[in-house]
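Student: I would like to work through a structure with you. Can we take it step by step?

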Amino acid sequence: MGATIRPGDHDPLDFLGIDALLDDEERLLRDTVRRFVAERILPDVATWFERGTFPKEMAKEMGALGLLGMHLEGYGCAGTTATQYGLACTELEYGDSGVRSFVSVQGSLAMFPIWAFGSEEQKRQWLPPMAAGEAIGCFGLTEPDAGSDPGSMRTHARRDGPDWILNGTKMWITNGSIADVAVVWAQTDEGIRGFVVPTDTPGFTANEVGGKMSLRASITSELVLTDVRLPGDAVLPGVVGLKGPLSCLNEARFGILFGAMGAARACYEAALGYARERIQFSKPIASFQLTQRKLVEMMVAVNRGMLVALHLGRRRDAGTLTAEQVSFGKFDNVRQALEVARTARSILGANGITLEYPVIRHMTNLESVYTYEGTNEIHTLVLGEAITGISAFG
Amino acid sequence: MKIAVCAKQIPDPATPYDLDPDHHWVVRPDDQVLDDTDRYGVEIGLQLAEASEGTVTLFSMSPAGTLQGIRQALAMGADKAVVISDPALKGSDAAVTAKVLAAAIEREGYDLVIAGTESTDGYTGVVPQMLAEHLGVPSLTFAKHVEAADGTLRIHRQTPEGYDVVEAALPAVVTVTAGVVEPRYPTFKGIMQAKQKPVEELSAADLGFGADDVGAAGSGTVVEGVTPVPARQAGEIVEDDGEAYLKILEILERAKVI
């Protein structure tokens, strides 16, 4: 038996002592991003959210820190471990899911396919400025009529002599209107291929999606490609077929399963602080049994989800993580985070619906995170197939 | 320019730390963090080194344990660290600390020594000046702006009214105030490289000190007692009925603030 631990000795923000599972380097990186978020994101993010903007100049600050393409090696990227990438995503999403989305899209969806499947020339041209935040990337896979079923995409590329001609429409594209380069996936005679499309190419237009009630501190756009002529070397040479874009999504989902726990932690912290200070019936609402139940459920969800994330991060670094295990993390951590956010909202009462507290912002953001990068339903079926051996996709 | 920056690892200020009941020394956990004050010294050191193609070496007296505070300063861009770590140093007062740091800095060589004005755990605020005395060089304090070129150190010394411009010949010691610059974030590349940077660990004996020269045995200071700060009294709330300013003026006058 060790020393006596009193109830008050537990850290309510790290109940299981997960901090001790990190090494010095991981902690330093985590703390650095935490400080960056506290100093550069949190003071303004509610305003960005309210105005529906993401300041493009943040990209360079994030690039200088090393956040963009952090887990990639070479070409100006920091070369962190997968776990470190995940921890950074947790801290970014503690700030805002839209901010984390920016980093996910830049690093995992735009830089990763160029890094993994691009030619040496494509890598040299695009990766260093993207790592520095001087060039912004986006990822065009989803279409108005092709979401969970990307194989049904209509965007196509045909050969015209040595060139490619692209036509089609992409939808719900994060960073679309502020991007300098788009990685666009299109049907070709050989199967689905990826194309590196500078956004100033004639025939390429990006229209911002308005009226969003979620991820408002993030740019979402429609991409329209009308006879976009690209040179023959614009295609990503290293991959043919859906496995190209799906491997990118797997990268991004890995960041999301960490990130969601950041949003959840922010909501839990806000609710815990509020419940201790809010006096009703002459005592803090934290003293009521129903509120304690909510706080405990949130605390358990945050700690459990973080353990899952860390475990999957370790497996990723060991090279043993499967796509289905990523689905496990995305499936459960995001739904848990959404539940935490909703519960926190209820604890804050009316205060929970204003931007003075982070809760409603996270709650509406997580509604998007719940369905993007593979809906909860799709991940359920991925897991269902993994344990039964029977595909329910039909 | 060869720049020495004093960097102290302290218990995380976010977590209350204990004093040992016999000597009132800070009980140091394994996990210590870089004193926030020292981030400013590191930043100034890095800027001066970048301008002069110089180097930044960190100096720290610290019990054995993790070096995460030192790694943080290395991740910001410092070139190397010298850590003096020895059980014999336990209980060293400010004078002994200054003596030990001076010996380590002298051994390494330096043009300029930068330190924070005071640490965020012990708050004695005298180590840098004692260090200058041991090194036999000028000490300029409370700098809110630092220039070092052509063998001269020029600072803006913070005063209650504004600042004085003070100069000294290099080599010298300077203390910088918090807020003097915006300390850079450690970059991820810096964090990844920090573990490869040299950290030299020295014992008291390596610097020529015997067991009686340092630690509690070598220290002339004894902390006789510690008194907790009295709990803050509840404030007075003035309801504004349109004339509250009169009441506030009266309170300020009574407190002789105005």
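Tutor: Start with a definition: buried means under 20% relative accessible area, exposed over 50%, and partly exposed in between (1.4 Å probe, protein chains only). This is a predicted model: local features need pLDDT of at least 70, side-chain atom pairs count only at pLDDT 80 or more, and totals for chains, interfaces and linings use all residues. Residues are numbered from 1 along each chain as its sequence is written, chains are lettered from A and ligands numbered from 1 in the order in which they are written, and side-chain values use heavy atoms, with hydrogens and water left out.

Student: Is Pro230(B) buried or exposed?

Tutor: Pro230(B) lies in the loop between helix H6 (215-218) and helix H7 (244-254) of chain B. Helices here are DSSP runs of H or I, at least four residues, numbered from the N terminus. Because its relative accessibility is 68%, Pro230(B) counts as exposed.

Student: What area is buried between chain B and chain A?

Tutor: Contact means heavy atoms within 4.5 Å. By that rule, 18 residues of chain B are in contact with 24 residues of chain A. Buried area is the accessible area (1.4 Å probe) that two parts lose on being put together, summed over both. Carbon and sulfur atoms give 60% of a total of about 1600 Å².

Student: Which residues of chain B lose the most area to chain A?

Tutor: Three residues together make up 46% of what the chain B side buries. They are Tyr185(B), Phe188(B) and Met192(B).

Student: Which residue of chain B forms a salt bridge with Arg35(A)?

Tutor: A salt bridge is a side-chain nitrogen of Lys or Arg within 4 Å of a carboxyl oxygen of Asp or Glu. The rule finds two across the interface of chain B and chain A. For Arg35(A), the closest N and O atoms are 3.4 Å apart, and the partner is Asp36(B).

Student: Now chain A itself. How far apart do the C-alpha centres of domain 1 and domain 3 of chain A lie?

Tutor: An automatic or database domain assignment sets the bounds. Chain A is divided into domain 1 (18-131), domain 2 (137-234) and domain 3 (243-388). Between domain 1 and domain 3 of chain A, the C-alpha centres lie apart by 20 Å.

Student: Which residue forms a salt bridge with Glu26(A)?

Tutor: Three salt bridges are found across the interface of domain 1 and domain 3 of chain A. In the one with Glu26(A), the closest N and O atoms are 2.6 Å apart, and the partner is Arg314(A).

Notes:
Helices (H or I, at least four residues) and strands (E, at least two) are DSSP runs, numbered from the N terminus.
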